[in-house]
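Subject: Structure handover

Hello,

Here is the structure for your files. My notes on it follow below.

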Amino acid sequence: MTARPGLTTELGQSSLPGDSLATQRERSSLQRNSLPSFRWLGVLLGVVAALAFAARVYRLGAQSIWLDEGLSILFARPDLGQLLSKLITDDIHPPLYIVTLHYWMLMAGDSEFAVRFLSASFGVLLVPLVYRLAKDLVSPTGRVLAEAELAGLAAAILVALSPFLVYYSQEARNYIAVAFWVTLASWSLWRALLGRGRRWWWLYAVTSALALYTHYYAGFVLLAQALYLSLGWRDWRRVWRPFLLAVAGMCILYLPWLAGLLGQATNLWLHPDYWPGTLDLWAVAARTFSVFALGVPSAVASPALLGFAALFALGLVVLVWKGALRSQRGELFLAVSVLVPLLAVYGVSYGYPKFAERYLIIITPAFYLVLARALASLYSVGGWLAKRWSAASTLATLLSALLILAIGGYSAAGTWQVYYGPEWAKDDYRAAIHTIEASAQPGDVILLTRNMYQSFLYYYHGSLPWFGLDAAGPGAAPNVALVAKRLNEMVKGHTRVWHLLWQEEVTDATQTVGGLLGKYGRQVPLGTEYTGVRLNLYELPPDVVFAGTPEQALRADYENGLRLWGYDLKTGELRPGEVADLAFYWDTTRPLGEDIGLSVALRDSRGFVWGSAGQRISGHYLPPARWSTNRTVRGMCPTAIPPGTPPGNYTLELNVHLTPGLRELSRVEANGQPVGTRLDLGQITVLPASGDHAPTLTELAVAVPQEARFASPAGGGDLSLLGHSLLPGQLAQGQSFDLSLYWQRDGGADFDVALGLAGDGRGMLLREPLALGYPTSAWAPGERLRGQYRLLLPANLPAGEYELTLSVLPKDGDLPLSVGDGSSLVLGSLIVTELPHLLSAPVVAGKVEAQFGEVASLYGFDLPGLKDGGLTVKTGGRIDLNLVWQSRAATATNYTVFVHLADAEGRPWAQQDAPPGQGERPTTGWLAGEFVSDARQIAVGGDVPPGRYRLLVGMYGPDDHRLPAVLNGERLAGDSVALPGVVVEVNP
């Protein structure tokens with residue numbers, strides 16, 4: 001018998017081209033050290049296939065059809081011509097799965113079980129296919145070897161019980177089908193490369209075309225196969241020629257869909273599915289590995305995940321060792337099949353980061369084969385050790401079996417989560433739509449968010465009118481005025497609106513639709529939540545008219561072209577624990593290239609912040625770079641009133657900043673002059689807390705619990721301390737710190753708080769009411785509140801260690817309440833450090849001597865690099881500046897210093913705002929007459945145009961009001977002084 005070209009019969013077995021003599025001997029050794037018996041192998045494989053079938057049909061129709069499945073069913077229902085036309089205009093997938101589903105539904109129906117059974121069939125067929133591929137990759141000789149059988153059986157078990165594959169075998173989508181076709185194409189290619197006959201090349205061409213007709217990402221597997229051939233095969237006539245002919249045949253088979261492919265690509269180019277962004281390769285790989293191994297993404301290194309990682313790493317080592325170093329082609333084929341599609345999918349998704357693990361289902365067979373290869377290698381090591389220790393082979397067999405059982409058991413547990421766990425639960429359209437049908441009334445209307453009608457139409461059989469409203473998908477900002485107009489058209493003549501939402505962070509990223517419905521209507525509580533979807537019901541007043549304008553109109557212009565036109569706030573009276581539903585109306589006069597965030601603070605008359613909220617200006621899924629100019633965008637910023645907030649009037653304060661970096665944007669006047677970063681939106685009233693629930697220490701956010709009871713000997717009532725905020729530990733002279741104390745009322749008298757320092761005879765730092773504007777006598781019995789206090793350390797306080805003490809006094813008395821065995825409670829210790837005080841004038845390069853109110857004078861400055869009054873700096877560089885101040889009088893206010901790089905009209909192009917000495921030398925610590933050095937670094941951004949600029953310096957207080965700047969007896973425009981004789985030249 002003549003051996004096929006390229007194969008040998010040495011050692012009684014065939015081998016791949018390139019196999020060394022040592023490799024062939026190794027294969028012979030593996031054959032001699034085979035498992036004791038494989039007579040039951042067929043039975044075992046049958047059991048595994050039965051398990052795979054049972055896992056895929058169990059609860060197959062239990063969960064709701066979700067959006068993507070509804071899309072498959074809707075596309076598959078029309079006749080073939082309409083089906084293909086709709087796929088081209090409305091979808092981004094090739095047609096094979098939908099066409100197959102079309103004919104399947106004609107025979108089996110369109111119930112949840114029926115439409116998913118097609119995918120379940122592909123999932124079951126994948127199991128024996130992977131078994132066979134594993135065997136041929138490990139033992140390409142065609143003879144049964146123990147390691148090959150073990151690898152095949154392990155791979156079959158992993159695929160049969162993989163939670164990831166079970167889930168997609170129970171989904172009416174094309175993902176498990178493409179996994180089947182690419183695996184069949186890989187096996188066909190491998191058999192063809194073994195020289196098993198020309199029919200395998202034909203089968204490879206057909207199955208590759210079928211894979212590409214199922215999902216475009218199948219092309220990445222074909223790319224991996226071409227790369228594999230280029231790495232080690234140089235036989236033109238036997239390998240490359242038939243491979244290229246097979247690829248040509250595949251392309252010919254794909255020609256009928258070429259026009260459809262171009263149509264889908266054009267639609268996607270004109271209407272991108274996601275905005276530009278970037279993906280992190282490690283995050284993609286780690287998340288995908290966790291989902292493939294455990295069934296869920298895991299950020300925690302659990303023992304099971306570490307075990308899978310160790311086994312996978314062992315498999316990769318085997319692939320590298322045997323594939324790259326020992327020229328065994330099966331291992332190299334497997335390694336390339338995992339890595340190349342992974343990197344290719346990452347590369348495609350990198351610039352448009354729409355990524356889900358299902359996109360990499362094309363590598364799942366190879367992934368599980370790597371794990372199986374590692375298990376088989378452990379057994380082969382036992383065969384090698386058996387030459388030296390007779391029991392090693394048996395132990396290796398037992399160890400391999402135990403590992404297979406352990407992995408199979410863990411996979412089975414993960415598969416159980418597919419049926420019942422929240423991570424795999426499908427969006428429950430069925431229950432939500434059942435609620436609409438059960439509770440609908442005449443005059444109702446149904447409103448769907450973007451792209452939701454597919455599953456809705458699958459389940460809804462009622463007669464209510466319904467509409468779909470695209471507030472704006474990713475890639476475009478919503479036009480509030482247009483949304484309001486559409487709502488008026490849709491709800492005309494209707495008294496109630498059912499609003500069904502899915503992925504609202506994308507479909508209504510700024511909550512424009514839901515926000516307007518909540519603004520003009522009353523939300524009716526439904527008392528039910530649905531997995532993955534949200535259903536709201538709104539009652540509308542008669543003749544409602546939606547408007548795309550804010551309730552509270554105002555205008556604020558920011559330095560980057562951003563504009564605020566006003567805000568909505570449904571109510572100005574809230575209780576602790578409730579949320580102020582703020583919505584802002586923005587637009588921009590020029591394209592915004594940077595991400596922008598905002599923060600809202602609840603501030604009292606003394607400047608204390610009681611609550612705050614922060615987020616991107618229009619949510620994560622609608623970055624400002626996607627806004628259109630002069631189009632109003634409505635962005636939500638819900639702001640909670642924290643538990644324990646005392647009743648009273650508070651100011652809502654808005655700050656806008658760039659992210660990352662958190663540089664606050666200045667508001668500007670019409671002439672470009674900055675007017676501060678903080679914007680007061682107006683006042684809200686916090687009402688007393690309801691008596692239904694006293695907040696816990698956790699809800700109050702008590703950092704240091706310290707319970708103490710203050711008792712009045714005169715019987716005027718008692719008071720309990722619950723705890724306080726963290727103490728700073730160490731402060732410098734003249735610095736201040738804020739302290740929160742948490743109280744519970746037990747009596748009816750009015751009390752003051754006294755805080756002081758014990759040690760070296762020091763006394764009281766402050767005395768004020770427990771809660772300003774809300775006397776203790778007005779508290780409800782058992783009411784818990786937070787008090788905020790600002791303590792200023794005197795600038796001349798001797799350095800040393802002190803105890804911070806707390807006393808409680810009657811409102812009109814000086815006899816403190818008793819606490820424990822004394823009259824004061826120690827809250828903790830403080831270390832006060834000494835600051836150097838320079839009382840003689842230093843030498844400076846430039847003198848200024850401009851006065852800022854009664855607080856300080858700018859004595860002079862040093863500017864390294866300044867030559868003949870000029871300083872040159874490149875865009876992207878920075879300016880190092882040292883200011884020297886002279887205190888005019890002691891002050892209890894912390895002032896902020898600003899430095900602006902301003903053009904001839906005074907518009908700032910770069911700036912730095914910070915307390916003196918970056919907070920290390922606050923104005924509260926200045927002694928009268930002393931000189932204070934204040935180092936500054938002003939970053940010159942890449943957006944600063946080349947030209948000549950001045951450096952403007954000024955001071956402002958906590959209220960953003962600038963101190964009056966006076967030079968030579970004349971008040972300066974803008975209350976800022978230009979550093980004399982300094983011109984900054986900015987060059988590109």
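To begin with one cysteine: Cys-637 is buried at 0% relative accessibility, where buried means under 20% relative accessible area, exposed over 50% and partly exposed in between (1.4 Å probe, protein chains only). Cys-251, at 40% relative accessibility, is partly exposed. The structure has 0 disulfides, a disulfide being a pair of cysteine sulfur atoms within 2.5 Å.

This is a predicted model, in which local features need pLDDT of at least 70 and side-chain atom pairs count only at pLDDT 80 or more, while totals for chains, interfaces and linings use all residues. Residues are numbered from 1 along each chain as its sequence is written, and side-chain values use heavy atoms, with hydrogens and water left out.

The chain as a whole: 53% of the 988 residues in the protein chain count as buried. There are 24 helices and 37 strands; these are DSSP runs numbered from the N terminus (helices H or I, at least four residues; strands E, at least two). Taking contacts (heavy atoms within 4.5 Å) between residues at least 6 apart in sequence, 73% join residues at least 24 apart.

β10 (residues 595-603) runs antiparallel to β11 over 7 bridges, and Ser-599 is placed opposite Gly-614 of β11.

On the cores: a nonpolar core is a set of buried Ala, Val, Leu, Ile, Met, Phe, Trp, Tyr and Cys residues joined through side-chain atoms within 4.5 Å. The largest has 140 residues, and Phe-164, Ile-361, Tyr-368, Tyr-429 and Leu-500 touch the most other members. Helix α9 gives the most to this core, with 15 residues. Apart from it lies another core of 36 residues, including Ala-613 and Leu-654. Setting aside residues up to four places away in sequence, Tyr-368 touches Leu-158, Val-159, Ser-162, Phe-164, Leu-165 and Phe-292.

Lastly, Gln-170 sits in the loop between α8 (163-169) and α9 (175-193). Gln-170 is buried, at 5% relative accessible area. Beyond its neighbours within four places in sequence, the contacts of Gln-170 include Tyr-58, Glu-69, Arg-116 and Lys-426. Its C-alpha atom is 9.3 Å from that of Val-115, 55 residues away along the chain.

Regards

Note on methods. Two strands pair if DSSP finds at least two bridges between them.
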